[in-house]
Amino acid sequence: MKPVSRFPVVTALTAVLCCLAAGLATAQSGGGAPGRQPAALEADQLFWQTFHSADYAHIQDSIEASTAAYLRDPNDAVSAAHVGWLHMWRVAERHRMQQAPASITDDIVLARKYFQKAVALAPDDARYRGFLASAILAEAQIDRDAALRQQGSEIMGQAVSDWPAFNLFTAGFVASGLPASSDGFKQALEQQWQNLEVCGHMKVDRHGNNLDVLAKNMEKAVGQSRDARACLNSAKAPHNEEGFFLNMGDMLTKSGDWQTARKVYATARLSTGYAQWPYRDVLEERIRDAESNVAVFNAEAQPGKKSANPMMIGSDFSCMACHHQ
Ligand code: HEC
């Protein structure tokens, strides 16, 4: 095919897309109010309702609403990020599906696109950068693209230094699927310890012998600072603490240190929201089965078969452990 013959196609496609976006925009234009548009605020509402109630089956409806809001105002960083998060959620909890289709990986590509945009619009929001890096790293893994992996790691490094209390977790969590003997996994586990030290403003024993002191200190240590949002439970992440300890316990179990894992899991019980946490039973089972889960979490994934008892990263609660109300 000669390159020139492609031009009309591209032009036609651009024209269609332009009119599609314009048509959607005029269908709902609310008179050019400053700030965020009413449709965006409505899409936000649907987003939180769907997300906090773990309504995975209705992700597509929420993607529609947030994408439509984005098309009306592509300079709205919050709408862009919400589209990115919905795609991330769908792919992250694909374990909920009987069998995830191969094309579920498209969600990662789209998440990257929208987080790229959110980062460009709001470069100071370190959460967007952390999720952008996660999407790039996932894509690099799918494509077995070393250069892309390097790019993802650099962006993650910046995200971690922008907001350690939030992105040390992110960086380690997304690497928790690596083989336990790899440097990447060891670093990821160390990042969880560091995250606790940042949140508790204290040294944390690597065998978990001062976790009770940490749990008592944390609220006072972070006070009203930005880190409170990353370290404690909040309206947006109602079970952040429990989810954090569940994942960290899983990573320690995978590392072989199931004794320390038990202490880390048990710290989740000290959280104020524990009695209302929907994944209490999972955690109690993890404590009981810690020793036998060492082999389970290290078993090689069988292509096309899903594990009956995956680590948090591969589970149907990899986002909901922290965000389910
Ligand atoms: C260990 C707990 C934890 C896990 C797991 C987790 N998050 Fe979060 N998430 C948080 C915390 C903490 C915040 C910060 C809240 C804030 O900024 O006030 C957050 C922020 C968010 C926000 C931003 C809300 C806003 O607009 O301010 C979204 C959306 C989100 N997470 C989606 C996800 C998705 C999707 C996943 C799964 C891929 C996920 N999270 C996994 C703890 C978690």
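A: Begin with burial: a residue is buried if 20 or more other C-beta atoms lie within 10 Å of its own, exposed if 12 or fewer, and partly exposed in between, with C-beta atoms placed from the backbone. A nonpolar core is then a set of buried Ala, Val, Leu, Ile, Met, Phe, Trp, Tyr and Cys residues joined through C-beta atoms within 7 Å. The model here is predicted; local features need pLDDT of at least 70, side-chain atom pairs count only at pLDDT 80 or more, and totals for chains, interfaces and linings use all residues. Residues are numbered from 1 along each chain as its sequence is written.

Q: Which residues touch the most other members of the largest nonpolar core?

A: They are Ala81, Met88, Phe115, Ala118, Leu132, Ala135 and Leu246, in a core of 84 residues. Helix α4 supplies the largest share of this core, 11 residues. Helices (H or I, at least four residues) and strands (E, at least two) are DSSP runs numbered from the N terminus. The protein chain has 16 helices and 0 strands.

Q: What is Ala81 in contact with, beyond its neighbours within four places in sequence?

A: Two residues are in contact if their C-beta atoms, placed from the backbone, lie within 7 Å. For Ala81 the partners are Tyr114, Phe115, Ala118 and Tyr128.

Q: How many residues of α8 are buried?

A: Helix α8 (residues 164-174) has 11 of its 11 residues buried. Its cover includes α6 (126-143), α7 (146-162), α9 (183-200), α11 and α12. Over the protein chain, buried residues make up 42% of the 325 residues.

Q: Which residues come nearest to the ligand?

A: A residue counts as near a molecule if its C-beta atom, placed from the backbone, lies within 6 Å of it. Of the 19 residues around the ligand, Arg229, Ala237, Gly243, Cys319 and Cys322 come nearest. Helix α4 gives the most to this shell, with 4 residues. Among the other helices that supply at least two residues each are α11 (227-231), α12 (240-255) and α16 (320-323).
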